[in-house]
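Subject: Structure handover

Hello,

Here is the structure I said I would pass on. My notes on it follow below; please read them with the model open.

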Amino acid sequence: MNQNGAQINFIEDEAKYRCQGDWTVLALGNLSAKFRGAWLPSSEKLVIDGKEIKKFDSAGALALVTCVDELKEKNNQVELHNFSEKQNELIDLIESKKEAITYKIPAPEKKNILYQIGKESENKLIQADGLIILIGDLCVKFFEAFGNWRRFQIPSIISNIFSTGIQALPIVALLSFLIGVVLAYQMGLQLATYGANIFIAYLSGMAIFREFAPLITAIIVAGRTSSAFTAQIGSMKINEEVDALLTMGLSPTELLVLPKVLGLLIVFPLLIFWSDIFSILGAMIMAKNMLGIGFDDFLQHLRDSVGLSQMMLGIYKAPVFAILIALVGCFQGFRVQSSADSVGSQTTKSVVQALFLIIIADAIFSIIYSWMKL
Amino acid sequence: MKEPVIEIKGMKNYLGGQWVHSDVNLTVEKGEILAIIGGSGSGKTTILRSLLMLLKPTAGVVKVFGEDLSDLDSQQAFQLRRRWGMLFQHSALFSAMNVLENIMFPMHEFTNLEPEFMQELALLKLALVGLPKEAASKFPSELSGGMQRRAAAARAIAMDPELLFLDEPTTGLDPRGARLFDKLIVFLRDSLNLTIVMVSHDIESLKNTTDRVAFVGDGKILSVEPIKKLMKNKNPLIVDYFSGH
């Protein structure tokens, strides 16, 4: 045991408790629990001797007062001996605050399940309401801006294009390339068994142009941009910057949301095209190595059997994805409350919701395309 | 011989391309309340940060509890950090925890006290800083600025430190709240045998609480004396500082 740990020992022949060691918050350990568990005398005149206490702080004083109370409960008379003036002052201080110390914190009220369901539904409705208001506000600001070009916040749009587009180029390229390689490899295994090697261009081209390139781009952008929007607007909100804009009579929607939405709208189709290039490159390299199809053959077949129209079908998804990602990111940013926790939870929500909505939107696109027999 | 709690000798600090301190010398005795004042940008907070080991001084010796901060290993530094408490200017309460959990947090981390005792101890600190007991289960965001400051003070004294640092403790409080906080500072010093070092601009608060005041200017400590004497000091920088009063 720690040599300097606080101790209290009963010396039976002298009817005396002897306190030893450091009675400080660090050295106290479970002293009061031990004391409570030990045998206690009853109806006696007892002395507590503090002569050998080395250090004594408010935690020690509280422990001592607890011990004295335990003894008094058993009808003992307790006297404190050899405590210094400072120590006695501390003990008196604890005694005077006793009412506050014994306060029992009321357990939080348990709400029944119906209440919780109702509350949660209300929250969701309020959230939906907020999103609709944001969309409406955004549309109004967008059309108003046509009256005055400066209100489009061109510099801000450009900086958004840089951070959400240009800086995302390497990661989009790398992941797209890998997806192209993997896709061609899987298809190549099947095609080779049928000797239909040349169809690799058609199959991988269709899959990449229509689904993989738009989706992989959207997932990367949702991960890096939607979270960035939320964190940025969220910390501005905590820092009262959003309120500052409002009090100046400026619109946070116009200054913060509109440039982000427009920037992403401009850059998203380009990112999908970029992803198309690298996915096809990956597929092409794999086709050459595995199936022995040359680059010329691959590209010619790609143009003849897949063509520009299929690539455009993928790029048409861009505006929808861009608006979803930017709106969800900004909206969750505005919902941040004044705490560090809140920034984290809203950022998580924004990424999850953006991904969720992207996949829903992609499914809807598939349905629409199949109706239109594209 | 009684050892000073804090001893700074010839401390220099070079920050952001300029010398913030050229030669700082300061000693703080046990049990006193010392305030560090000076114009904005004079490096008051930098002195505090150097003392708290948040910043390594460019040159000079800083001793706290007689130990030189520059040659402590991590274990010693850890031991030393438990012996002081800091009250930040913006309270810096953990927003994800309620007040009681905030106060109990350092106890949880450093001690093996039983939970009931820990809670009683936390409630005691809450009572010592003058917060109503109902505040225990509230979250920092539900408290007013003054109450947050008190809750932060309760957390700062949770581990019964021997030394307490306060960074502008009364800034942003209403006059009545500020005077009550002054009383709290003196009360804590008297009842818990603390040594208190604070940075403050509140002249009223300095008059109410401090034993000595150190004036920082020109990268040096220009004078350390009781506030009444300091206000009569003829040094032009000090005269300028008090010119509004």
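Helix 2 (residues 58–73) of chain A lies across strand 1, strand 2, strand 3 and strand 4 of chain A, and its direction is at about 170° to that of strand 3 of chain A. Helices (H or I, at least four residues) and strands (E, at least two) are DSSP runs, numbered from the N terminus. Axes are lines fitted to C-alpha atoms, for helices over the stretch in contact, and angles run from 0 to 180 degrees between N-to-C directions. Two residues are in contact if their C-beta atoms, placed from the backbone, lie within 7 Å.

This is a predicted model, in which local features need pLDDT of at least 70 and side-chain atom pairs count only at pLDDT 80 or more, while totals for chains, interfaces and linings use all residues. Residues are numbered from 1 along each chain as its sequence is written, and chains are lettered from A and ligands numbered from 1 in the order in which they are written.

The sheet in chain A

The four strands form an open sheet with the order 1-2-3-4 and mixed pairing; two strands pair if DSSP finds at least two bridges between them. Strand 1 (7–11) and strand 4 of chain A are the edge strands, each pairing on one side only. On average, neighbouring strands of this sheet are turned by 20° against each other, direction ignored.

Seven bridges link strand 2 (residues 16–23) of chain A to strand 3 of chain A in the parallel sense, and A:Asp22 stands opposite A:Lys55 in strand 3. Strand 3 (residues 45–56) and strand 4 of chain A are also parallel, with five bridges; here A:Lys45 stands opposite A:Gln77 in strand 4. Strand 3, helix 2 and strand 4 of chain A make a right-handed β-α-β unit (with the strands pointing away from the viewer, the path from the first strand over the helix to the second runs clockwise).

Is strand 4 of chain A buried or in the open? The number of buried residues among the five of strand 4 (residues 77–81) is zero, so the strand lies largely in the open. A residue is buried if 20 or more other C-beta atoms lie within 10 Å of its own, exposed if 12 or fewer, and partly exposed in between, with C-beta atoms placed from the backbone.

Chain B

Chain B has nine helices and 10 strands, and 43% of its 245 residues count as buried. In helix 1 (residues 44–51) of chain B, the buried residues are B:Lys44, B:Thr46, B:Ile47, B:Ser50 and B:Leu51. Seen down the helix axis, they fall within an arc of 165° and so line one face of helix 1 of chain B; the arc is that of the directions from the helix axis to the C-beta atoms. They pack against strands of chain B, including strand 1 (6–15) and strand 9 (212–217). B:Met53, which follows helix 1 of chain B, has a positive phi, near 65°.

Core and interface

The largest nonpolar core has 94 residues, of which A:Leu28, B:Leu126, B:Ala154 and B:Leu164 touch the most other members. Such a core is a set of buried Ala, Val, Leu, Ile, Met, Phe, Trp, Tyr and Cys residues joined through C-beta atoms within 7 Å. Helix 4 (residues 115–128) of chain B gives this core its largest share, nine residues.

The contact between the chains takes 26 residues from chain A and 27 residues from chain B. On the side of chain A, helix 3 (85–96) gives the largest share, five residues.

Regards
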